[in-house]
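Okay, thanks everyone. Let me put the structure up, and then I'll walk you through it.

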Amino acid sequence: MDALMQEFKTAYSAEKGNDLAKTLSPYLPESPEKLRSIWESGDSRTIREDLEFLFTQGNPARLRLSREESGGWQEVYFAYWKALGEILAVEGQRTDGVKSTWTKVYESWKVFTNSLIRGYTNCEFENWTIPCLYIAGKYSRIFAMRSDAERDANGDDLGATYQDEFDPETEKHKSLEDCGRQLNRIFNTCLSDRAPLSESRKWGIYYAINLLFKTYFKLNQAFLSRNVLKALSAGRGDMPDFDSFPKSQQVTFKYYEGVLHFLEENYEEAEKHLEVAWLLCHKDAKRNLELILTYLIPCHLLRTNTLPSAKLLEPYPRLQELFGPLAEAIKKGNLRAFDQALQQGEDEFVKRRIYLTLERGRDICLRNLLRKVFLAAGFTDDDPPVRKTRIPLAHFVAAIKVSDGEGIDTDEVECLLANMIYKDLMKGYIAHEPGIVVLSKSGAFPGSGL
């Protein structure tokens, strides 16, 4: 514990928030034995006494710790020490042989997180120490998910024993739902600070928001993100400029904001935010770029009727597998191939919440098929020749039957064409009596070059 406190004093005297946060990390891959040595440095009583001594008599004057702040840090490090005991126990690294569960780990880390939040609200913790909240929030989410996974793995017998009282669905994400409430406290701790921006906890707000977004999406409760955005919008007047935050936080925020608009079918706003995320994202962050493209590609398809190029998809084999067959089918106007590609990727599309959006791409596929019929009609015998714009309805019926692979009657085709005209994917009208489709002489198929 003495060595840990020396690290605290060094980081605190230099006001280095990231270094201070490292002293509260539950994992140290570079020196795994260090955590066990901290845990084994005493028992509950002696650790209390050591912390009290180190933060009072052992506190050098240069740290300028007030009595309240000193007491706050004592509580934080005591809660951290107790949490380490549970972490070492669940991983089988305790020399006393004590075992634990991830639920106990989460609960102990929750106590640590709450003590840290109280430090900011009641004990005058300074804003440069905000990275400590990052550590608390990050591992709260990790431990909560492990707790839920553990409960899910062991929950079958419990559900069978207490079938009348026990609803497994309500228990499935119990810890993560509780974690969401803890993260919301961190968010409000940052948002509610009224100190000048140079000394404000608001500098930690987007990290907290991004953790909340990840948690709500994991819980399939993305709609709760709207509450966060409303609270953020209400407090924007005294917020630091968005561009002042780390780019990694900007990218994550814009990504989730874009996906949220996407799920609400506001594709124009979704495209705008996702494009910002794409432009800000580091070129080597392939996984993040792939996630952004997962939603940006369907947005472009619906908004501009454009398909991803082979060059764009080349660095992302998984996206090639997902979108390649669909793009090829749309390009060729092959309805049957489109339906097959959509069916083959259905599980992944549903998982990524893009199935219904991609399904609308069938209209673009149909438009390209109808365009081929229009091109196949050729030109008139006039001088100079002009492209024929009066196409027999029967030609469209035949093309759709061949492409779709299923029987379809004339009335159904008329309905499809009427919908295409209504959606502004085709310009013209249907002359029912002669059975002719009269297309516009210019821009018959908007967005396709014809």
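This is a predicted model: local features need pLDDT of at least 70, side-chain atom pairs count only at pLDDT 80 or more; totals for chains, interfaces and linings use all residues.

Residues are numbered from 1 along each chain as its sequence is written, and side-chain values use heavy atoms, with hydrogens and water left out.

Back to the salt bridges. One of them pairs the side chains of glutamate 7 and lysine 34, at 2.4 Å from N to O. Glutamate 7 sits in helix α1 (residues 2-14) and lysine 34 in helix α3 (residues 32-39), so the pair links distant parts of the chain, 27 residues apart. Helices here are DSSP runs of H or I with at least four residues, strands are E runs of at least two, and both are numbered from the N terminus.

Now the domains. The chain is divided into domain 1 (2-156 + 168-240), domain 2 (246-359) and domain 3 (372-439), with bounds from an automatic or database domain assignment. The centres of domain 2 and domain 3, taken over C-alpha atoms, are 31 Å apart. What do they bury between them? About 470 Å², with carbon and sulfur atoms giving 40% of that area; buried area is the accessible area (1.4 Å probe) that two parts lose on being put together, summed over both. On the domain 2 side, Lys332, Leu335 and Arg336 supply 72% of the area buried against domain 3, more than any other three residues. Helix α17 (residues 335-344) gives the largest share of the side of domain 2 that touches domain 3, 3 residues. In contact terms, 7 residues of domain 2 meet 7 residues of domain 3, where contact means heavy atoms within 4.5 Å. And how many salt bridges between these two? The count is 0.

Last stop, the sheet. 3 strands form an open sheet in the order β1-β3-β2, with antiparallel pairing; two strands pair if DSSP finds at least two bridges between them. β1 (390-392) and β2 (428-431) stand at the edges with a single partner strand each, so one side of each has no neighbour in the sheet. The twist averages 25 degrees from one strand to the next.

β1 is joined to β3 (residues 436-439) by 3 bridges, and arginine 390 has valine 438 as its bridge partner in β3. Between β2 and β3 there are 4 bridges, with glycine 428 opposite leucine 439 in β3. The hairpin of β2 and β3 has 4 residues between the strands, and glycine 435 takes a positive phi near 70 degrees there.

Conventions. Axes are lines fitted to C-alpha atoms, for helices over the stretch in contact, and angles run from 0 to 180 degrees between N-to-C directions. A salt bridge is a side-chain nitrogen of Lys or Arg within 4 Å of a carboxyl oxygen of Asp or Glu.
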